[in-house]
Amino acid sequence: MTETERTFVMVKPDGVQRGLISDILDRFEGRGLKVVGAKLMQMDRELAEQHYGEHEDKPFFEGLVDFITSGPVFAMVLEGQDATRQVRRMMGATDPKEAEPGTIRGDYGMDLGRNVIHGSDHEDEGANEREIDLFFDEDELVEWDKIDGSWLYE
Ligand code: DAT
Ligand code: MG
């Protein structure tokens, strides 16, 4: 059976500034993902450098940290079967120019450095738990039963 899991997702400053929070959340809710945490927040450089630590040696690292701290982000924890991989599929390829139409980046992005959304990488073992811990305190996450469970999953 496919495991129910939690994944970390974040509308980046470009998506927040462009008024895309509600559309993005609508896509995830409509798909059947359960929101177990959500908040608007301003990331500081320390959090940004930790979050993007895997890229610290890359030439784009400073620009990435500048961008992600340039305005508020909308952070979410979503729960569902195979949630991490399904969210990544809905986000589309990292570069919006390569992302398929119908995906979030393919519908709303034009440029690699302004790709609207972050989601934990399902190919990076434990990334979802690590990122949830980094952004959310335990008491900010709500465990709840959603009434559509048996209408979504067999
Ligand atoms: P993803 O966000 O799809 O997990 P990633 O982890 O490889 O992609 O990179 C993190 C972010 O860094 C990505 O969303 C956009 C930016 N980025 C990645 N590669 C880049 C590059 N070559 N030049 C500029 N920005 C880049
Ligand atoms: Mg990544």
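A pocket is taken here as an open set of grid points with protein on both sides within 12 Å along at least five of seven lines. In the predicted model, the largest pocket defined in this way has a volume of about 570 Å³. Its lining comprises 27 residues, of which Tyr52, Glu54, His55, Leu64 and His118 are the closest to the centre of the pocket.

The largest share is that of α7, which contributes four residues to the lining of the largest pocket. By residue class, the lining of the largest pocket is made up of 11 polar, nine charged and seven nonpolar residues.

The packing of two helices was also examined. Helix α2, spanning residues 21-31, packs with helix α5, spanning residues 83-91, at an angle of about 135°, and the axes of the two helices lie 12 Å apart. The crossing in which α2 passes α5 is right-handed. On the side of α2, the contact is made by Arg27, Phe28 and Arg31, whereas α5 takes part through Gln86, Val87, Arg89 and Met90. The residues of this contact between α2 and α5 divide into three charged, three nonpolar and one polar.

Note on methods: Residues numbered from 1 in each chain as written. Chains lettered and ligands numbered in written order. Predicted model: local features only at pLDDT ≥ 70, side-chain atom pairs only at ≥ 80, totals over all residues. Heavy atoms only, no water. 1 Å grid on protein atoms, 1.4 Å probe; cavity = no way out; pocket = protein on both sides within 12 Å on 5 of 7 lines; lining within 4 Å. Points joined across faces, edges and corners; volume = space filled by probe spheres on them. Nonpolar A, V, L, I, M, F, W, Y, C, P; charged D, E, K, R; others polar. Axes fitted to C-alpha atoms, helices over the stretch in contact; angles between N-to-C directions. Left-handed = near helix turned anticlockwise from the far one by under 90°. Contact = heavy atoms within 4.5 Å.
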